[in-house]
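Please look at the sequence and the model before reading on.

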Amino acid sequence: MKKVILTLIGVITIAMTTNVQAQQTDLEQIETTVNYYLTGLVNNDAETLKKAFHPTATMKWIGKTYTEVSAIEGLTEGMDGTPLKEKIKTRVVSLTVAGDAANAQLEIQFPTFTYIDFMHILKIEGQWKIVSKIFYTRQDAE
């Protein structure tokens, strides 16, 4: 009976370890996806930024009115590969993963304003891609 219990505990431990390792791998892949977005944005690099997004990803926000656009088109329009000259700070505020779905809250701080991004990320055909972005622009003191 002891052997059966010890074997069962061993199997459960291996299963749990494998699951944790898979989650860490997913977490690392999600971090890579988020970093493609942040690096592409800061470096004004459309090709790097595109790696983060699913081709049909959307971007939505409320300015004077509700606006919805293709995320890739909206973000890469005018990008020429010249890094931005402004001092920009980026920060991952939170990251939550549940199976094949994740969300990330990011902050991209410019000298006078901060973008607060909420990214929805899905594991599609083995790759983590941003499928939607909503954001708020907070005006900061100079």
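Q: Why is Phe135 called buried?
A: In this predicted model, Phe135 has a relative accessible area of 16%, and because buried means under 20%, Phe135 is counted as buried.

Q: What makes Tyr115 and Phe135 an aromatic pair, and why is the pair called edge-to-face?
A: Six aromatic pairs are counted in the model. In the pair of Tyr115 and Phe135 the ring centres lie 5.5 Å apart, and because the limit for a pair is within 6.5 Å, the two rings qualify as a pair. Their planes are at 85° to each other, and an angle over 60 degrees counts as edge-to-face, so that is the name given to this pair.

Q: How do you know that this pair links distant parts of the chain?
A: Tyr115 belongs to strand S5 (residues 113-124) and Phe135 to strand S6 (residues 127-139), with the two 20 residues apart. Both also belong to one aromatic cluster, together with Trp61, Phe110 and Phe113.

Q: What makes strands S3 and S4 a pair?
A: Nine bridges join S3 (residues 89-98) to S4 (residues 101-109), and because at least two bridges are required, the two strands are paired, running antiparallel. One of the residues involved is Thr90, whose bridge partner in S4 is Ile108.

How values were computed
Residues numbered from 1 in each chain as written. Predicted model: local features only at pLDDT ≥ 70, side-chain atom pairs only at ≥ 80, totals over all residues. Heavy atoms only, no water. Helix = DSSP H or I, 4+ residues; strand = E, 2+ residues; numbered from the N terminus. Phe/Tyr/Trp six-rings, centres within 6.5 Å; stacked < 30°, edge-to-face > 60°. Buried < 20%, exposed > 50% of the residue type's maximum accessible area, 1.4 Å probe, protein only.
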